[in-house]
Amino acid sequence: MTIQEIQETAAGFTQQSELNQIKSLGIKTIFDPPILAAVSAHDSVFTQLQEPQIIGNHHQLPVGRLKDAATVISYFLPFSEDIRRPNRVPDLPAAAWLYGRIEGEELNRALAGHLVYVCREAGASADAPLLDPEIHMPEFTSRWSERHIAFAAGLGTFGLSRSLVTVRGCAGRYGSIVTSLNIPASHPRYEPFLSYCSICGRCSDRCPAGSITSGGKDVRVCAQYQDGIKKQFSPRYGCGKCQTAVPCEKALPAIIPNRTQ
Ligand code: SF4
Ligand code: SF4
């Protein structure tokens with residue numbers, strides 16, 4: 001299989017799934033079709049992610065997830081205009097965003113499961129880390145960071161808000177599949193770390209919690225703010241002000257001073 005064939009399968013699944021709508025809000029599309037990228041499961045980037053200054057050695061290698069891993073396929077599901085537009089106002093998150101964040105995750109999980117099925121139908125083994133209930137750890141960390149995996153696969157680079165900035169923007173959700181299928185690496189990986197970020201500071205201005213500064217994002221301050229949102233809107237939560245009404249919301253920013261490639 002090629003990455004293009006898998007991308008078409010993923011796009012078809014996303015467009016046809018009943019889970020890609022919020023009937024109670026009249027929203028017919030939570031996510032636009034995903035973009036995908038493939039990277040060798042043996043790329044040195046995965047051991048770099050285990051360095052203490054990046055994530056740490058609790059972060060799993062692809063071969064730690066799947067013994068015969070050959071390729072990691074990462075995908076980005078961009079939120080549709082119907083989810084992003086209402087959240088462009090300041091302060092509290094829009095209902096569409098809260099539903100997109102929580103109900104949308106059901107579609108994300110279903111897509112991951114579908115891609116595992118597709119790989120297995122092709123005679124390969126496959127694993128979707130986001131379906132593993134043990135993947136999340138205390139203290140805002142994970143054994144498999146989907147954003148870092150997307151960076152590793154070349155889907156985008158980080159922004160000041162620590163969202164991943166892709167050609168389809170930063171507002172959306174990520175997932176990945178580890179598989180024994182041999183698929184050539186599909187995207188170059190851009191350096192430095194903030195290549196796609198214009199450092200415009202708009203995400204910092206938008207953050208109601210003050211968690212984004214010129215040094216990046218304080219995840220604890222963000223999480224504390226979102227705890228308050230959860231108390232108010234439980235079972236839903238989210239914020240996404242740093243991902244909406246910003247130049248990187250749905251595309252790369254027009255001016256990218258840091259990009260060297
Ligand atoms: S809003 Fe500006 S500074 Fe923040 S991540 Fe996007 S491009 Fe970078
Ligand atoms: S999600 Fe909200 S609180 Fe967290 S960094 Fe973004 S704007 Fe700030």
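Which residues does I177 touch, not counting residues up to four places away in sequence? The list is I73, A112, L115, V116, C119, A126 and A128, where touching, or contact, means C-beta atoms, placed from the backbone, within 7 Å. Keep in mind that this is a predicted model, so to speak a computed one: local features need pLDDT of at least 70, side-chain atom pairs count only at pLDDT 80 or more, and totals for chains, interfaces and linings use all residues. Residues are numbered from 1 along each chain as its sequence is written, while chains are lettered from A and ligands numbered from 1 in the order in which they are written.

- Four strands make an open sheet, ordered 1-2-8-3, with antiparallel pairing; helices (H or I, at least four residues) and strands (E, at least two) are DSSP runs, numbered from the N terminus.
- Strand 1 and strand 3 sit at the edges with a single partner strand each, so one side of each has no neighbour in the sheet.
- Pairing here takes at least two bridges found by DSSP between two strands.
- Strand 1 (residues 35–40) pairs with strand 2 in the antiparallel sense over six bridges, and I35 stands opposite F76 in strand 2.
- Strand 2 (residues 71–78) and strand 8 (residues 172–179) are antiparallel too, with eight bridges; L77 faces R173 of strand 8 across that pairing.
- On to strand 3 (residues 126–127): two bridges join it to strand 8, again antiparallel, and A126 stands opposite T179.
- As background, strands of a sheet pair through backbone hydrogen bonds, either parallel or antiparallel.

**What is covered**

- A residue is called buried if 20 or more other C-beta atoms, placed from the backbone, lie within 10 Å of its own, exposed if 12 or fewer, and partly exposed in between.
- Strand 8 is mostly covered, with eight of its eight residues buried.
- Strand 1 is largely enclosed by the rest of the structure, because five of its six residues are buried.
- Helix 6 is likewise largely enclosed, because seven of its eight residues are buried.
- Those buried residues of helix 6 are E146, H148, I149, A150, F151, A152 and A153.
- Their cover includes strand 1, helix 2 (45–48), strand 2, strand 6 (156–158), strand 7 and strand 8.

**The nonpolar core**

- The largest nonpolar core has 64 residues, and I73, Y75, L115, A150, A153 and I177 touch the most other members; such a core is a set of buried Ala, Val, Leu, Ile, Met, Phe, Trp, Tyr and Cys residues joined through C-beta atoms within 7 Å.
- Elements giving two or more residues to this core include helix 1 (3–16), helix 5 (95–121), helix 6 (146–153) and strand 7 (164–166).
- Helix 5 gives the most, with nine residues.
- Helix 5 also lies across strand 2, strand 3 and strand 8, at about 20 degrees to strand 8; axes are lines fitted to C-alpha atoms, for helices over the stretch in contact, and angles run from 0 to 180 degrees between N-to-C directions.

- I177 lies in strand 8 and counts as buried because it has 31 C-beta neighbours inside 10 Å.
- I177 and L130 are 47 residues apart along the chain, with 8.8 Å between their C-alpha atoms.
- A150 is in contact with S74, F76, L155, G156, L164 and Y174, leaving aside neighbours within four places in sequence.
- A70 is in the loop between helix 3 (62–65) and strand 2, and is partly exposed because 19 other C-beta atoms lie within 10 Å.
- Beyond four places in sequence, A70 contacts A41, T179, S180, L181 and N182.

**The two ligands**

- Ligand 1 has 15 residues around it, with G159, C197, C203, V246 and C248 coming nearest; a residue is near a molecule if its C-beta atom, placed from the backbone, lies within 6 Å of it.
- That shell divides into 10 nonpolar, four polar and one charged, where Ala, Val, Leu, Ile, Met, Phe, Trp, Tyr, Cys and Pro count as nonpolar, Asp, Glu, Lys and Arg as charged, and the others, Gly among them, as polar.
- Ligand 2 is surrounded by 13 residues, the closest being C207, C222, C239, K241 and C242.
- The ligand 2 shell splits into seven nonpolar, three polar and three charged.

Methods: Two residues are in contact if their C-beta atoms, placed from the backbone, lie within 7 Å.
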